[in-house]
Amino acid sequence: MNPLERLSELEDNWHTEMGAWFGGERVVYRGEDLLGSLLPEMDWMALYLFGITGRRFSADELRALNAIWTNTSYPEPRLWNNRITSLAGTVRSTASLTLGVATAVSEARIYGHGANIRAIDFQLRARERVKAGESLLAVAEEEFAVRRSIYGYGRPIPVEDERNAPMLKLMAECGLDQGEHVRQALELEQLLFEKYQGRRRRLVMLNITGLDAALAADLGFTPRQFHLFMTTCFLAGMPPCYIDAFEREPGSFFPLRVDRIKYEGPVRRRWKD
Amino acid sequence: MERFHTRIWDEEAEADNPFAARACYCAGYDVYGDLLGAIRWEEYLYLMLRGEAPEEHEARLLHDLAIALANPGLREYSVHAAMNAGVGGSSHAACLSAALAVGAGQLGGGRDLHEAMGIWSRCARDLNAWSEALAAYNAAAEPDRTELWAPMAHPPGFDPNGVSCTTPVRRTLEHLSAIVPAGALAWLAAHRQALEAAAGMPLSMAGVAAAAYTDLGLEAPQAEMLHLLLRLPGAAAHALEQEGYGSGKFPFFKNGLKLDNDPGGAHESA
């Protein structure tokens, strides 16, 4: 079909199985009645996950997935994405603009969702290769060589990720700490630690991104589904930052003196002398 | 004291307030004491991105490119998005945010442009290299699970929904290439049909813009940022206009949605 035929056929003609609103009557959500059957059955998180995956998750699975969002929601106004909410609060921007754009900013390369998607991709690829007979350590070292890091491993400072222990405890309570990807993630941290005898500790420690990604892999998420699920994972940390700045004098959040600028550009000059 | 490092911007403080600037310098030029009244908008844009004043032909190229890109028209995806914000009375910042989010995409948007800049960087003006690069985009790509951006679904800078190269694209290419007769734009104009044959689809405005940014000496991230910025004026104007018209005159695609798995029977949504 050529482009003209394709566009002509699609004009005012969007077929979907995802859902629709029947005004004054009902809403269909992925083939089910949102207000009639899903509302009594699902809380918001269950519905969100149903929207992303088309699947239903057990109560324990939902509890663990909820915990992923809780453990990433730090009300720390200096973190880059959160700082935007504080800056928005201090200039009295609106709540939705603030949370919307701070969420978009969390789709970053070196942290947040860029790291999430790479972390689950690594756990899935590594599992496939180990099942095919390769050693986990060899797969990881190849990753190091090609990408100079293993997403899901490494910390900005050489201390254990404070989220891992409480998250693992909760996963154990939910019966979700023994999945093949979670065990692989923990095993690799140990293998790397033994290989480097404590050296390169900053680079090889499992971080919460790696642990969350391994859990998601065990629960059958694809990388794109995990990316969508994690899009709002920092959200609960943001309103406190926004409110804190919003409720104080405008402009009071980390005001900057002129001499906070360290200029490294061309010397003073005249325009088109 | 922690400080922000910059090669673009310097300030001197007012005598009575260290938190207020008495003078501001952009790449060494006094903005309010020298540039204001002397510099044109496109020259200032160029200065901020490149750190140096543009040559006259570069300023003219950027000026005319900005005209060509300023309003993609209300049927275009990013403008349509902005109008959806405008008609509902969303904040004006939300209108522009909607235009940016949609206009960032891989079909004619910022990412399309970014990828097209990648071809210019890799292939320069080598027609064979271009042909191979464009053909590679049409080959079934391995789904890339590791990137936020999905793999391109078409050769960047070309229009998968086009039948032939549209008149505005051809006129823009013709006009801009005359400003830089020995540049990337002129090469693109000379080889457009061969490149379209290799891509299997017509050149798009993003493809013309990528050649223009190449002639301006911009790197892909600079070009992408500028492209996002230059396409916003139309989104702003159309969002404001639809806010004025109101919802009654804004298409809802009332008969356009067909639900294929309706548990309540064969109804059309409304």
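The model is predicted, so to speak of local features a pLDDT of at least 70 is needed, and side-chain atom pairs count only at pLDDT 80 or more, while totals for chains, interfaces and linings use all residues. Residues are numbered from 1 along each chain as its sequence is written, and chains are lettered from A and ligands numbered from 1 in the order in which they are written.

**Overall build of chain A**

- Chain A holds 14 helices and five strands; these are DSSP runs numbered from the N terminus, with helices (H or I) of at least four residues and strands (E) of at least two.
- The C-alpha trace of chain A spans about 65 × 60 × 50 Å along its principal axes.
- Of the 273 residues in chain A, 30% are buried (20 or more other C-beta atoms within 10 Å of a residue's own; exposed means 12 or fewer, partly exposed in between, with C-beta atoms placed from the backbone).
- Among contacts (C-beta atoms, placed from the backbone, within 7 Å) between residues at least 6 apart in the sequence of chain A, 72% join residues at least 24 apart.

**A hairpin in chain A**

- Strands E2 (residues 19-22) and E3 (residues 26-29) of chain A run antiparallel and are joined by four bridges; strands pair if DSSP finds at least two bridges between them.
- Ala20(A) has Val28(A) in E3(A) as its bridge partner.
- Three residues lie between the two strands of this hairpin, where Gly24(A) takes a positive phi near 75°.

**Where chain A meets chain B**

- Chain A brings 45 residues to the contact and chain B brings 49 residues.
- Elements giving two or more residues to chain A's side include helix H1 (3-10), helix H6 (95-105) and helix H7 (113-131) of chain A.
- H7(A) gives the most to that side, with five residues.
- Strand E5 (261-263) of chain A pairs in the parallel sense with strand E1 (residues 4-6) of chain B over three bridges.
- In this pairing, Lys262(A) stands opposite His5(B).

**A look at Glu160(A)**

- Glu160(A) sits in the loop between helix H8 (136-147) and helix H9 (164-173) of chain A.
- Glu160(A) counts as partly exposed because it has 13 C-beta neighbours inside 10 Å.
- From C-alpha to C-alpha, Glu160(A) and Glu247(A) are 35 Å apart in space, and they are 87 residues apart in sequence.

Key
Contact = placed C-beta atoms within 7 Å.
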